[in-house]
Amino acid sequence: MNTNTIPALLASLKKPLPKKYGMWELTGQDRHYYWLSRGVAQAEYAYAISQLRGHRFDEAILDALHAMGGAVREEGFVTKSAVLEAERRLAPVAEEAKALTVLFVGHAHIDMNWEWGWDETVSVTLDTFETVLKLMREYPAFKFSQSQAAIYRIVEQYDPDMLAEIRSRVQEGRWEVSASTWVEADKNMPNTESHARQMIYAKGYLSRTLGIDPDTLNLDFEPDTFGHPLHTPEILTAGGVKYYYHCRGFNGPSLYRWKAPSGRSVIAYREPMWYNDNVEPYFAAFVPALCREYGMRTFLKVFGVGDHGGGPTRRDLERILDMQTWPIFPELRFGKYADFFAAAESSSAELPEVTGELNFVAPGCYTTQTRIKVANRTSENALNEAELFSATATLAFGSRYPRDVFETSWRDVLFAQFHDILPGSGVVETREHAMGKFQETMAAVNTRKKRTLADIAGRIDTSKLPVQRGDWRESTSEGAGAGHGASAFRVTAPESAASHDRIIHLFNSSLLDREETTEVLLWDWTGDHHRIVVKDADGNAVPHQVLDYGTHRYWSHHYSRLLIQAKVPACGYQTYVISESEHFESAGTVSNLPRTSEHEYRFTLENERLKVAFDPVNGAIRSLIDKRTGMEHIDPNRFGGGFRFIEEDIHGGSAWDVGRYMAVRPLDARARLRMLAHKQEREFDKMFGTIRLTGMPEGHGALRQSLSYEVDFGSSKLKALISLDRGSSALRYEVECDWHERGSAADRRVPQLNFHLPLNYRCASYKYDVPAGVIERRSMNMDAPGNSFVQAVREDGAGGSAMLVTRSGYGFRGFDDAISATLIRSSFDPDPDPELGNVRLGFAIVIDDADSNRDALARAYHFNHPFSLVSGAVRQGDLPASHSFFRLLQGNVAVSAVKLAENGDRLILRVYETEGGSAANVTIQLPRTPKRAGFADIQERLLGTDTEVVVQGDCIRFTVEANRLVTVALEF
């Protein structure tokens, strides 16, 4: 017997099937096609079983195929009688055929605002569910599964009667809620806390709205997500999720145990077919091999029209019901994902173990739609600070904690993290809706943050500060600056003083002490700028630098810019007084360097840490020296660090893909450079405490040295202010680009703005911050995702590596001993013009000894979270002029959140261990001594015993295992 003829016979029988016929064309001679599908599908399934049984049933299969083939030769088509005869001949396979079960799980993949606007998303949702509920009434066995808590929120908002029927189907057990997240979000770009909030708000909302036990929401259903970062299993298990369903980003086994670096794991299922699928009988041929591979007798078949909703069709249901009667076929039943994963968990076979990230998919999505990326990072940062300071104020003196405001804002942020919104793979309406919600989020969050900071400032005792009120009746400064800074997403700080001298309070959201140069605005200052003096609350003179003298007009007010070398304690504030000395202070102002015939054009920024030299022709960094080690970081044999204009060769979807670089042009033509010069030193009168800042190159500012860079390219203009602050290891770039480059489908061309830093040392690997940790990747000539930075790891192991930190994009490239950041990309589909207009960006080059991941994460956090300023006034209060509420005293951890619990008054701290390899012993100082402390899950429910978190006065001590994310709950 030649068993090789079986595939050939199967192929010959399937070949004449015209595509125009469906399985249910039952009239006349077309009946042939129905019976052909039934006969061939059963024979294929039987052959799949036989192959696993040493071809035990091949003879019976050949007999069955000959019966159907004979009918074709004699009658011209496969007759019903021929198929029934084939089924009779296949009878020896029937017992083993029915030993396997296929769960048909119906669902509707609903993309949120993908190629349409919000109104259409609402219509798609309601129309889909109307059909599903109708089919449920007609087909009592039919079950349906639906993910995304935001979907149910849509129904609640726009059709509450429908929600009531869905609730009844949920309670009946026929409607499975497969949502443990607010939306099917991107996994690579949202930060750690966003991942936690996806689960917190989804489970909380669904349990309240649909009466579901939140512990049953243990599946993260992510069929269309573009890649899966390293610590995903750790985050999911911390949130009570046990199972993971996905389709993209991995080509290994379909069923496996995905293990995080922490050792925690989830059972993951990679859809072997597709998540948007209809019901065709030929699926059965895949069932035996997959079941055998994973030691199971249950196979999952997902079906339903999706992307734009729709869900299961009547034809699908009728086919399933009919195929249930086929004798040589698996047992078919309507089921739920929970049934399949329960079977997987109870399997006797050991599932293969997979470690590492499951990337990369659609790397263009890390940078497409710059404004959406800015909105996400800015919103996350604003919520982090608003919650921290609000929790602090509640704990310290009983202020109201605005949970409702934060939850609403978080929901909007989480919605915009959907895998077609944050990645930028949407249309114009997608972007418009996201940016509109971003405005609402920033209005709500910054309002609460400002109110909280003002409440704290209002309790600070400033009554003993040496403040001269002057003639307050002539003051115009009070109220100046209303709304200023909102366009830059900062908390506004209108002047509150009706006096000549000014009081300011600077707030630090980090749990580490910080010393940084910060900019302060002096509104309607009428004094002598040469006599300005800045003091801290103890009367110590503070280094400062006047940038300009009231030249900026703002709605009938004017302001001067002042730099202060500020020291602000961890998660706290510092108070400063700005006044006028009786003695003349020789302060410098911004001016152009003298342009005489003898002038040598040198463009160098230098402080105690770095010396940076720029090419006088094109503005590229030609030298970047770490003065502590003498190490030169720029490769002299390659074009220096700077902006590049790149043209990508695109063959696929331009929003999703980054094409091959087919043209790379440094922006080195017609660059306009200008040093912004200040006095080289600043000397205060001895009566105020003498400070002398020396060692600065002549012509440079005492606290900040700046270089203005402008260049035209294509149809666009780019302006950058490049600055280096006193004592800083960060070279900062503030960029404004009027971008008018368009991608072209006809030319397969996508223009890109990029910043590139070629390094003068061999790179062993590159580190990127990712949700809940840091990953070290090999050199790759492609964009890879980072939450905010890429860091080049030196092959020689020496200190002083280079890091690129951004405030917006998520696409970095570590390759060929260089690091770069993709800043703007003009994809052309689905949105034809996503980037046109003014785009503002910020990034920094950091050269530091950041041997620990904790230090690198802290530097990135500080860059993304500048000090917040509140204008103060003379008042009595119960808080000192400088104070820290929380402080990380010990431990290699990064702080994800400081907040109040979603329910109750417990304080929640969420941190993750950063180094791997060993546990972190953590000590955190608190504003008050807690009564009780313990670990909790992400849902903020206490776990274990009180002994896991030790309370020692106003400090708590606990241990975080390597690579672990933990939540600590405290009661006061």
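A: Let's start with Arg561, which is partly exposed because its relative accessibility is 22% (buried is under 20% relative accessible area, exposed is over 50%, and partly exposed lies in between, with a 1.4 Å probe and protein chains only). A word on the ground rules: this is a predicted model, where local features need pLDDT of at least 70 and side-chain atom pairs count only at pLDDT 80 or more, while totals for chains, interfaces and linings use all residues. Residues are numbered from 1 along each chain as its sequence is written, and side-chain values use heavy atoms, leaving out hydrogens and water.

The partner of Arg561 is Asp548: the two form a salt bridge whose closest N and O atoms are 2.8 Å apart (that is, a side-chain nitrogen of Lys or Arg within 4 Å of a carboxyl oxygen of Asp or Glu). This pair links distant parts of the chain, with Asp548 in strand E14 (residues 544-554) and Arg561 in strand E15 (residues 557-568), 13 residues apart. Helices (H or I, at least four residues) and strands (E, at least two) are DSSP runs, numbered from the N terminus. Asp548 has a relative accessibility of 9%, so this residue counts as buried, whereas Arg561 is partly exposed.

Another bridge joins the side chains of Asp712 and Lys717, at 3.6 Å from N to O. Both ends are partly exposed: Asp712 has a relative accessible area of 25%, and Lys717 has one of 47%. As for networks, salt bridges with shared partners join Glu519, Asp548, Arg561, Arg704 and Asp725 into one. That puts the pair we began with, Asp548 and Arg561, inside a network.

By the salt-bridge rule, the count comes to 67. One more example is Lys259 with Glu353, whose side chains meet at 3.9 Å, N to O. Lys259 is partly exposed because its relative accessibility is 29%, and Glu353 is exposed because its relative accessible area is 51%.

Leaving aside residues up to four places away in sequence, Ala671 touches Val617, Asn618, Tyr709, Glu710 and Val711 (contact means heavy atoms within 4.5 Å). Among these, Tyr709 lies 38 residues from Ala671 along the chain, and their C-alpha atoms are separated by 6.9 Å.

Ala745 is another loop residue, placed between strand E26 (730-739) and strand E27 (749-758). With 53% relative accessibility, Ala745 counts as exposed. From Ala745 to Gly872 the separation is 127 residues in sequence and 56 Å in space, C-alpha to C-alpha.

Finally, helix H7 (residues 149-158) has Ala149, Ala150, Ile151, Tyr152, Ile154 and Val155 buried. The cover over the buried residues of H7 includes helix H6, strand E2 (144-146), helix H8 (160-172), strand E3 (175-177), helix H9 (192-210) and helix H15 (403-415).
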